[in-house]
Amino acid sequence: MPTNIKNTYRMTRMIISIVLMFITFPSIPAFGQQAVIDKLFNLFKKQRDSLKVVEKNPLESYFFDDSLRNKKIFAWTAELDINRVDTVTVDTLLNRFEIDYPFMEEYVVGATYLGNLGGAAQSLSYFERPRSNDFVFLRAYDSYLVDPQSTRFFNVKEPFTQLSWFMSGQTRRAEEQLRVTHAQNISPSTGFNIDYKNRGTKGMYSSQRSKDKNLSFGISHTGKKYSLHAGYDYNMGDIRENGGIMRDEDVTDTIYSLPYNIEVKLTDARNQFKGNTFFISQAYGIPLQKVYLEDFSIADKSSIFVGHYFEYTRFRKKYTDTKANSTDFYDDWFLNPTATSDSLSETKIDNKIFIQLQPWDRNAVIGTIDAGIGHAMYSYYMFRLKNYLRGNKNTKRNDTYVYGSLTGRIKQYIDWRADVTYHPFGDKSQDLNLNAELKMSVFIKNRPLSLTVSGFIDNRSPGYWDEKYFSNHFIWSNDFSKETETNISAKLEAAAIGFEAGAWQSVVTDKIYYNKYALPAQHGGTVSVTGLYVRKDSHIGIFHFNHRALLQWSSNEDVVPLPLVSAYATYFIDFYLVRNVLRMQLGVDAWYNTEYYAPSYIPATMQFYNQDEIKTGNYLFMDAFLSAKWKRMRILVKFQHVNEDLFGKRNYFSVPHYPLNRRMFKLGFSWSFYD
């Protein structure tokens with residue numbers, strides 16, 4: 001019999017014996033009864049304490065509460081510079097399993113994209129677009145990339161492996177995805193995990209082959225006082241760029257039996273990029289109160305944490321093409337009139353030292369007070385004419401910054417947080433970022449209704465590549481002012497009834513954008529962007545009706561063009577074919593946005609840029625799917641773009657001159673192993 005069961009049995013027998021003794025022998029004198037009670041109570045206390053030691057959960061960490069400690073598997077991402085973690089979902093559910101493109105899964109109402117897996121994409125929502133100025137050439141690949149902030153860490157009671165594979169289209173034009181996750185704990189508090197993704201397509205249209213690979217390796221230790229998060233992230237892309245089709249009429253007015261026969265603008269253009277990141281974050285807690293053996297963590301003790309974060313990141317990019325296979329796509333050939341081979345790279349080394357004060361309880365009104373100082377060194381390389389005379393030299397820049405954070409909680413009713421980062425000197429001198437968030441919750445019949453109000457003020461320097469660039473097709477040298485963006489938002493959420501509504505207001509001064517010549521430019525005034533969002537998931541029996549809609553207004557469409565309405569809906573039936581064994585969903589997904597001057601795409605710099613000649617949108621894009629979950633395996637059968645040429649016009653362009661894929665049959669599965 002297991003020890004904990006034995007101890008429980010002994011304690012129960014002892015309690016019963018005490019009760020029976022006083023029922024059976026009521027004549028024992030009071031002082032004798034008290035002596036017996038004291039003796040038995042001491043025995044009971046010893047037994048209880050021994051039981052507590054035996055049953056104590058071995059995962060001792062100030063990050064996790066009992067609800068997480070008892071889970072068979074859970075995962076988190078780490079805020080590496082302030083000693084905090086955010087739990088994330090381990091995706092083993094059937095809902096939304098049919099959405100296989102990362103940008104359609106990540107963005108709330110879809111994306112503007114080049115039509116295929118592995119190509120550039122940009123969220124239809126202005127408020128989801130990245131604001132970072134680091135290596136801006138990969139902004140359009142943000143949904144594919146992994147970095148230290150998105151690296152997942154796991155805690156598992158047994159080794160966990162998840163294998164997913166998706167395939168679609170004819171073999172010679174196929175899209176394929178392979179996703180592998182493995183997590184294993186060396187001890188209850190120490191583990192490692194690997195996330196690997198390989199996505200790509202051979203291309204439905206000519207010169208559209210692409211391949212994107214990501215590898216994320218993480219090691220974590222979440223002990224009672226000491227924590228460590230370390231990892232390695234690898235990103236790679238190899239993309240054939242076709243520049244779009246020559247004539248849109250080949251799609252809208254003519255039906256080609258083989259889309260591969262449609263003429264494209266570029267036939268040998270290619271973008272290749274690679275990125276490597278190493279990072280490690282450590283923190284050690286010094287409790288200011290006595291810690292007992294039975295304490296699982298120091299989360300409820302006054303404590304001071306001291307930590308350090310280090311990161312090394314290097315990205316490099318190469319673009320190639322030839323004049324003979326580029327028609328008249330580019331106006332300029334500055335360095336070589338017959339062929340292009342542009343290479344550049346960016347390296348960042350970042351060091352931070354931080355301290356965290358936990359005055360009372362980690363979840364108290366004032367939970368943690370954080371402060372830190374950091375120094376980042378940047379190195380930029382691109383070919384320049386003077387390299388002929390002086391050799392290749394990198395441009396080096398430095399940046400010093402200080403930052404702080406405050407968090408707190410009042411039971412389950414109020415959560416609040418405030419953050420500040422200031423750059424006193426260096427390359428980003430006088431940059432300032434302020435963030436604040438307040439979440440208030442009430443419970444109606446034990447169901448939460450929450451209101452979250454948040455905002456930020458971001459005064460940021462222009463990125464290096466927005467100011468300096470030298471290549472075969474584009475050369476610029478700018479002296480931009482700082483951008484200043486002020487944003488405020490509110491979100492009302494009632495998860496129990498599948499309802500969410502939000503509003504955003506953003507005001508940007510001196511906005512930097514890419515103009516109709518595909519060159520970076522700065523708007524000298526103020527641009528206002530307003531957004532309203534609503535989500536409602538409903539069901540009647542086995543019938544489910546889920547809706548998301550986003551309304552956006554831009555005060556200057558020449559600077560920030562946006563569709564007025566963007567929407568996503570999914571209708572499906574959800575039922576068990578075999579009770580508790582085989583569950584199925586059968587339905588359709590649909591995406592739609594109103595017409596607007598969607599951004600064009602320039603392969604040489606991998607940037608979306610504004611244009612005012614062609615409107616795209618006003619097209620309903622639909623997928624029909626059948627997904628099933630059989631024990632630990634999920635299975636998918638899908639017809640992507642099922643409505644192609646069935647109703648509506650054939651104007652299925654998301655980006656000018658880049659048609660979306662035609663109707664395509666897809667198969668996929670995901671299998672999870674827990675041993």
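Colleague: How many bridges join β12 to β13, and which way do these strands run?
Modeller: Keep in mind that we are looking at a predicted model. In it, β12 covers residues 303-322 and β13 covers residues 339-358. The two run antiparallel, and the number of bridges joining them is 20.

Colleague: Which residue in β13 is the bridge partner of glutamate 311?
Modeller: Glutamate 311 lies in strand β12, which is joined to β13 by bridges. Its bridge partner in β13 is aspartate 350.

Colleague: With which lysine does the side chain of glutamate 311 meet in a salt bridge?
Modeller: The N to O distance of this pair is 3.7 Å, and the cut-off for a salt bridge is 4 Å. Glutamate 311 is in β12 and its partner is in β13, so the pair ties together parts that are 37 residues apart in sequence. Both residues are buried. The partner is lysine 348.

Colleague: Which residue in β12 does tyrosine 284 stand opposite?
Modeller: Strand β11, residues 269-287, pairs with β12 in the antiparallel sense over 18 bridges. Within β12, the residue opposite tyrosine 284 is valine 306.

Colleague: Let's move to β1. Why is this strand largely enclosed by the rest of the structure?
Modeller: Ile73, Ala75, Thr77 and Glu79 point one way from β1, while Phe74, Trp76 and Ala78 point the other way. Residues on both of these sides are buried. The strand is largely enclosed because the count of buried residues in β1 is 7 of the 7.

Colleague: What is the order of the strands in the open sheet that holds β1?
Modeller: β1 pairs with β5, residues 153-156, in the antiparallel sense over 4 bridges. β1 is also joined to β2, residues 84-88, by 5 bridges, again antiparallel. The open sheet has 3 strands, in the order β2-β1-β5. Its edge strands, each pairing on one side only, are β2 and β5.

Colleague: In the hairpin of β1 and β2, which residue in the turn has a positive phi?
Modeller: On the strands themselves, alanine 78 has valine 85 in β2 as its bridge partner. The hairpin leaves 4 residues between β1 and β2. The phi in question is about 55°, and the residue is asparagine 83.

Colleague: How many salt bridges does a search of the whole structure find?
Modeller: One of them joins aspartate 419 and arginine 417, with the closest N and O atoms 3.0 Å apart. Arginine 417 is partly exposed, at a relative accessible area of 24%. Over the whole structure, the number found is 33.

Colleague: How many residues apart in sequence are the parts tied together by lysine 666 and aspartate 100?
Modeller: The side chains of lysine 666 and aspartate 100 meet in a salt bridge, at 2.7 Å from N to O. Lysine 666 lies in strand β35 and aspartate 100 in the loop between β2 and α4, so the pair ties together parts whose separation in residues is 566.

Colleague: Are lysine 666 and aspartate 100 buried or exposed?
Modeller: The cut-off for buried is under 20% relative accessible area. Lysine 666 has 3%, and aspartate 100 has 4%. These two also belong to a network of salt bridges with Glu175, Asp623 and Lys638. By the cut-off, lysine 666 and aspartate 100 are both buried.

Colleague: Which residues is aspartate 250 in contact with, leaving aside its neighbours within four places in sequence?
Modeller: Aspartate 250 is found in helix α5, residues 249-252. It is buried, with a relative accessible area of 7%. Its C-alpha atom is separated by 8.6 Å from that of glutamate 263, which is 13 residues apart along the chain. The contacts are Tyr256 and Ile262.

Colleague: What is the area of the nonpolar surface patch that includes Leu434?
Modeller: Leucine 434 is found in strand β17 and counts as partly exposed, at 33% relative accessibility. β16 and β17 each supply at least two residues of the patch. Other members include Ile353, Val420 and Tyr422, and the patch area is about 590 Å².

Conventions:
Residues are numbered from 1 along each chain as its sequence is written. This is a predicted model: local features need pLDDT of at least 70, side-chain atom pairs count only at pLDDT 80 or more; totals for chains, interfaces and linings use all residues. Side-chain values use heavy atoms; hydrogens and water are left out. Patches are made of residues with over 30% relative accessible area and no salt bridge: like charges are joined within 9 Å, nonpolar side chains (Val, Leu, Ile, Met, Phe, Trp, Tyr) within 5 Å. Accessible areas come from the Shrake-Rupley method with a 1.4 Å probe; for residues, only the protein chains shown count as cover. Buried means under 20% relative accessible area, exposed over 50%, partly exposed in between (1.4 Å probe, protein chains only). Two strands pair if DSSP finds at least two bridges between them. Contact means heavy atoms within 4.5 Å.
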